[in-house]
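Open the model in your viewer and keep the selection tool ready. This tour moves from one selection to the next.

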Amino acid sequence: MRSSPSRRRFLQGMAAGLSAAALPRLAQAQSATQPPATPRPAARPSPYRVNEPVSIDVNARPLPSFDIRDRARTRFGALEYRSGLILTSSFSGFGGLSALRLDAKGERFIAVSDQGSWFTGRIVYRGREMVGLDDVEAAPLLGADGRPITATRGWYDSESLALDGSFAYVGLERVNQVLRFDFAKGFTRSRGEVIALPPAARKLPNNKGLEGLVFVPKATGQPLAGTLIAFSERGLDASGNLIAFLVGGKTPGQFSVRRSENFDISDAVLLPSGGLLILERKFSWFGGVGIRIRRLALSDIAPGAVVDGPAIFNADLGNEIDNMEGIDAHVTEEGETVLTMVSDDNFSLIQRNLLLQFTLVD
């Protein structure tokens, strides 16, 4: 299979999150073989799953403002609204976007759908505003046997994504497993290997398990350098706080994030400056939907710690939000830190795939 222009441009552009020097041409990357996994019952066929790589068209409708009640308002806590898009596609497998990572320019992206799919492409800008997506490709997450994980193991619910050089880590919530992909062996055609997690990770709630992944780069020199941080959505410790894990690195173990106001974790991002943000959401039939972003100090995280931090952003249904599940950050040429958030529409007619961008002001 020839390398598509979209895939080549993504590999060239991921200088911040991926090591370009470690990414050979895809035509040379298909020689890696691994023993096949033990067959598991296949998941029921779904129109939302991607069975093979395919280029798709994605339509984008702009969101000129974020506040429904006050269209002129642009400041929301520590964030300033830049632009937003409502994304749709005639491709039935497009949706369920649960995590994304961008290149250093905030242009090329890779995302995962909760139906076991990759999405890659490019954000198109006009000035500082997003106006569309281009070069979009969908592809299935592959297991060690080279087949889609939905077919061989019945795995899906891919909810989180972290990058470490040429390696990508994807968290699977319902089975509380993490797959590691070496993009040097085929980019989104590479095969995922299960990595070892603490035994307590397997005891997380079935649909409230691993929801956010962050990798602390080895080059940072911080105590957690080389550590994969895995956050649960609503795995609770004895005190009712949110369970998280330190995987690998010098100090592996378990810690907790203080839970408050019934918010659960939906993703996390390590800022270029070294700070850590967690994206949270809550839902109730009486209170509706709410999201917020909290800032945590990476230096506070250690085995046995209970960490907390201030909310720097809050939004509700008076704003243009949906089921916000993914967050990433990049720095513009002007030095502005930009946060990008994406929503999971659950393939529902009453929900939306939103792509939102804000400037981190404070």
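Start with Glu320, which counts as buried at 10% relative accessibility. Buried means under 20% relative accessible area, exposed means over 50%, and partly exposed lies in between (1.4 Å probe, protein chains only). A salt bridge here is a side-chain nitrogen of Lys or Arg within 4 Å of a carboxyl oxygen of Asp or Glu. Arg352 is partly exposed, with a relative accessible area of 24%. Glu320 sits in the loop between E21 and E22 and Arg352 in the loop between E23 and E24, so the pair ties together parts that are 32 residues apart in sequence.

A word on the model. It is predicted: local features need pLDDT of at least 70, side-chain atom pairs count only at pLDDT 80 or more, and totals for chains, interfaces and linings use all residues. Residues are numbered from 1 along each chain as its sequence is written, and side-chain values use heavy atoms, with hydrogens and water left out.

Zoom out to the whole chain. Its secondary structure comes to two helices and 24 strands. Helices (H or I, at least four residues) and strands (E, at least two) are DSSP runs, numbered from the N terminus. Of the 362 residues, 56% are buried.

Next, select strand E24 (353-360). Eight of its eight residues are buried. Asn353, Leu355, Gln357 and Thr359 point one way, while Leu354, Leu356, Phe358 and Leu360 point the other. Show its partners. E4 is joined to E24 by eight bridges and runs antiparallel to it; E23 is joined to E24 by five, also antiparallel. Strands pair if DSSP finds at least two bridges between them. Leu85 has Leu355 as its bridge partner, and Leu339 has Phe358.

Stay on Phe358. Beyond its neighbours within four places in sequence, its contacts (heavy atoms within 4.5 Å) include Phe66, Phe76, Phe313 and Met341. Which residues have the most contacts inside the largest nonpolar core? They are Phe66, Ile293, Phe313 and Phe358, in a core of 26 residues. E24 gives the most to this core, with four residues. A nonpolar core is a set of buried Ala, Val, Leu, Ile, Met, Phe, Trp, Tyr and Cys residues joined through side-chain atoms within 4.5 Å.

Move to Arg292. It is buried, at 4% relative accessibility. Glu261, its salt-bridge partner, has its closest O atom 3.8 Å from the closest N. Glu261 is exposed, with a relative accessible area of 54%.

Now select Glu211, in strand E13. Is it buried or exposed? Glu211 is buried, with a relative accessible area of 0%. Its side chain makes a polar contact with that of Arg281 at 3.3 Å. Such a contact is a pair of N or O atoms within 3.5 Å; within protein, one must be able to donate a hydrogen and the other to accept it, and residues adjacent in sequence count only if both atoms are side-chain atoms.

Five strands form an open, mixed sheet in the order E13-E14-E15-E16-E20. E13 and E20 stand at the edges, each with a single partner strand, so one side of each is left without a neighbour in the sheet. Last stop: Val214, opposite Ile229 in E14.
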